[in-house]
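Here is a guided walk through one protein structure. Take a look at the sequence and the model, then read on.

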Amino acid sequence: MTISSQFSRVSAIIPEDKSTWLDKIFLTVDIEWASDEVLSYLLNILDEYQIPATFLVTHQTKLLSRILENPLHDIGIHPNFNFLLNGDSRNGNTMEQVLDMFFEIVPDAVASRSHSLTYNSHLRNCLIERGVRYELSQFIPYSMAEKIKPWWSVSNKLISVPFIWADDAQLVYDWDWDPKILARQEGLTVLDVHPIHVYLNSENVDRYERTKGVKTSEIDKCRNKKSYGIENFIRDYIESII
């Protein structure tokens with residue numbers, strides 16, 4: 001299957017060059033500590049359709065080499081500052097220390113989206129110091145996203161790229177499950193996908209919540225195989241584009 005020219009990588013975006021982002025689709029993946037089995041499932045789907053993606057990493061895994069060796073994909077980080085904000089220093093005592101931990105895993109990260117979308121000017125400067133080019137922590141629901149575009153957060157140093165749809169938001173807000181509605185979106189289209197929701201084919205939040213604490217060897221039993229869910233939606237969305 002040939003690669004659809006409508007799908008692209010975040011690292012291709014240049015705000016002042018509309019041809020790099022206007023009416024293009026950017027799939028981003030928050031890995032979210034997914035097991036190798038779960039992450040492989042999503043990677044296989046992307047390979048099947050030859051879809052590029054930007055992977056935002058949370059942990060060390062042997063699958064990083066598979067992502068890095070695929071010229072279709074970008075790689076970045078998905079740092080978690082929640083522990084730090086709650087007075088828990090397990091990931092470091094400062095924002096810089098938290099970032100350093102993630103950069104040990106992905107030293108050449110081109111993008112960052114914080115867990116829980118934590119973002120501020122201090123974090124912005126820390127990302128710039130470490131060579132990150134794109135920050136992806138801005139969420140604008142697609143129903144409100146007419147004429148949005150990427151922008152220079154700091155001139156020639158950091159580009160902000162908002163996303164308009166996320167699978168977990170789909171489950172929380174129960175938006176229309178017709179992928180053709182999302183496919184008609186014009187302008188900049190950045191999607192946020194979590195491997196666990198694709199693997200489970202989550203149809204509601206409870207599907208995911210019930211997997212917490214389940215052993216990796218048992219998680220296949222938790223998959224939704226009867227009703228329309230996130231995997232169905234993603235596949236139908238891709239097929240409506242290509």
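Buried means under 20% relative accessible area, exposed over 50%, and partly exposed in between, with a 1.4 Å probe and protein chains only. At 53% relative accessibility, Tyr 173 therefore counts as exposed.

A word on the source. This is a predicted model, where local features need pLDDT of at least 70 and side-chain atom pairs count only at pLDDT 80 or more, while totals for chains, interfaces and linings use all residues. Residues are numbered from 1 along each chain as its sequence is written, and side-chain values use heavy atoms, with hydrogens and water left out.

Tyr 173 is found in helix H6. Helices (H or I, at least four residues) and strands (E, at least two) are DSSP runs, numbered from the N terminus. Tyr 173 and Ser 19 lie 154 residues apart in sequence. In space they are 32 Å apart, C-alpha to C-alpha.

Gln 170 also belongs to H6, which covers residues 167-173. Is Gln 170 buried or exposed? It is buried, because its relative accessible area is 0%. Contact means heavy atoms within 4.5 Å. Leaving out residues up to four places away in sequence, Gln 170 touches Trp 165, Trp 175, Asp 176, Trp 177, Ile 230 and Phe 233.

Now to the nonpolar core. Such a core is a set of buried Ala, Val, Leu, Ile, Met, Phe, Trp, Tyr and Cys residues joined through side-chain atoms within 4.5 Å. The largest one has 73 residues, and Phe 55 and Trp 165 have the most contacts inside it. Helix H1 (residues 36-49) gives the most to this core, with seven residues. Phe 55 touches, among others, Val 29, Ile 31, Leu 39, Leu 43 and Leu 46, not counting residues up to four places away in sequence.

A cavity is a set of points where a 1.4 Å probe fits but cannot get out. A pocket is an open set with protein on both sides within 12 Å along at least five of seven lines. Lining residues have an atom within 4 Å of a point. Grid points are joined across faces, edges and corners, and a volume is the space filled by probe spheres set on the points.

The largest pocket has a volume of about 760 Å³. Which of its 35 lining residues are the closest to its centre? They are Glu 32, His 194, Ile 196, His 197 and Tyr 208. H6, helix H8 (195-200) and helix H9 (205-209) are the elements that give two or more residues to this lining. H6 supplies the largest share, four residues.

How many cavities of 30 Å³ or more are there? The count is two. The largest cavity has a volume of about 40 Å³. Its lining includes Gln 6, Asp 23, Lys 24 and Tyr 237. Strand S2 (24-30), helix H7 (179-183) and helix H10 (230-241) each supply at least two residues of that lining.

The second largest cavity holds about 30 Å³ of space. Phe 7, Ile 25, Leu 27, Leu 191, Ile 234, Tyr 237 and Ile 238 line it. H10 gives the most to this lining, with three residues.

Last, the cysteines. A disulfide is a pair of cysteine sulfur atoms within 2.5 Å. The structure holds zero disulfides. Cys 126 counts as buried because its relative accessibility is 2%. Cys 222 is buried too, with a relative accessible area of 17%.

Definitions and conventions: 1 Å grid on protein atoms, 1.4 Å probe; cavity = no way out; pocket = protein on both sides within 12 Å on 5 of 7 lines; lining within 4 Å.
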